[in-house]
Amino acid sequence: MTAVMYGSAPLLFALAAGALLGALYSASPLTTLCVPAVAWLTARIVRDASPRERQWVISLVTLAVTLRLLAIAVLFLTAGPDQPFATFFGDEEFFQHRSMWRRNVGLGIPISTADTIYLFDEVGWSSYLYILAFIQALVGAAPYGVHVLNLSLYVASVLLVYRLARPAYGGAAALIGLVVLLFWPTLFVWSISALKEPLYCFVAAVELCGAVVLV
């Protein structure tokens with residue numbers, strides 16, 4: 001009987017882990033996908049660093065991501081009943097609403113005539129709307145998940161820049177830069193917004209790394 005109990009333990013653990021993962025994905029698909037991706041990237045970035053430096057980077061990134069997730073959770077909890085979702089900045093509503101309307105049109109979900117007219121208004125038009133619409137077509141409407149996606153993109157861009165600066169300027173200078181970019185108040189707030197800046201930062205970091213590798 002003891003052997004049977006021990007033999008079933010991995011199966012029970014796998015079932016429990018699957019149930020927990022399914023519950024987390026149902027609650028917030030983008031959080032379930034993005035946070036592990038940041039953890040994986042962090043591990044890759046510091047794979048050849050010293051144990052002490054590796055501990056510092058992992059601790060800083062963990063703290064940065066945790067604080068950002070708490071800020072998004074507060075945003076979620078402070079949303080009033082008179083609005084579909086809360087935002088940090090007024091401009092975020094522009095991207096949130098228009099991306100979800102575009103998602104609905106693509107999926108054949110009816111929207112009002114007024115929303116249809118405003119959807120194709122050239123004022124404030126950006127290809128970023130297509131990206132948000134496509135992502136939400138895959139995982140469902142995610143007005144708060146977009147904030148998690150953007151924080152992940154920003155943290156990933158900071159990690160890429162850290163990795164690029166470390167061999168050129170040394171571990172201490174790269175670590176100071178990492179702290180500044182992760183915790184500078186203005187950058188902290190913009191990194192959890194639903195605006196396009198975090199994506200631009202990520203693309204710029206990838207382009208910079210690519211250019212250095214090519215040279």
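**Close-up 1. L15 sits in helix α1, which covers residues 2-27.** Helices here are DSSP runs (H or I, at least four residues), numbered from the N terminus. The model is predicted: local features need pLDDT of at least 70, side-chain atom pairs count only at pLDDT 80 or more, and totals for chains, interfaces and linings use all residues. Residues are numbered from 1 along each chain as its sequence is written, and side-chain values use heavy atoms, leaving out hydrogens and water. L15 has a relative accessible area of 54%, so L15 is exposed. The cut-offs are under 20% for buried, over 50% for exposed, and in between for partly exposed (1.4 Å probe, protein chains only). Together, L11, L12 and L15 make a nonpolar surface patch of about 320 Å². A patch takes residues with over 30% relative accessible area and no salt bridge; nonpolar side chains (Val, Leu, Ile, Met, Phe, Trp, Tyr) are joined within 5 Å, like charges within 9 Å. Accessible areas come from the Shrake-Rupley method with a 1.4 Å probe, and for residues only the protein chains shown count as cover.

**Close-up 2. F76 and Y144 form an aromatic pair, with ring centres 5.2 Å apart.** Two such pairs turn up in a search of the whole structure. Rings of Phe, Tyr and Trp (its six-membered ring) pair if their centres lie within 6.5 Å; planes under 30 degrees apart are stacked, over 60 edge-to-face, and the rest tilted. The planes of F76 and Y144 stand at 90°, so this pair is edge-to-face. F76 belongs to helix α3 (residues 51-77), while Y144 is in the loop between α6 (128-139) and α7 (145-169). The two residues are 68 residues apart. Y144 is buried, at 15% relative accessibility.

**Close-up 3. F95 and Y128 make an edge-to-face pair.** Their ring centres are 5.3 Å apart, and their planes meet at 75°. F95 lies in helix α4 (residues 90-107) and Y128 in helix α6, so the pair ties together parts 33 residues apart in sequence. F95 is buried at 8% relative accessibility. Y128 is buried too, at 2%.

**Close-up 4. The largest pocket holds about 300 Å³ of space.** On a 1 Å grid over the protein atoms alone, a pocket is an open set of points where a 1.4 Å probe fits, with protein on both sides within 12 Å along at least five of seven lines; lining residues have an atom within 4 Å of a point. Grid points are joined across faces, edges and corners, and the volume is the space filled by probe spheres set on the points. Which residues are closest to the centre of this pocket? Of the 17 lining residues, they are S28, T31, I72, Y144 and G145. Helices α2 (29-45), α3 and α7 each supply at least two residues of the lining. The most come from α3, with five residues.

**Close-up 5. D48 and R163 meet in a salt bridge.** This term means a side-chain nitrogen of Lys or Arg within 4 Å of a carboxyl oxygen of Asp or Glu. The structure holds two salt bridges. Here the N to O distance is 2.7 Å. D48 is in the loop between α2 and α3, R163 is in helix α7, and they are 115 residues apart. D48 is partly exposed at 46% relative accessible area, and R163 is partly exposed at 25%.

**Close-up 6. E53 forms a salt bridge with R166.** Their closest N and O atoms are 2.7 Å apart. E53 in helix α3 and R166 in helix α7 are 113 residues apart. E53 is buried at 13% relative accessibility, whereas R166 is partly exposed at 22%.
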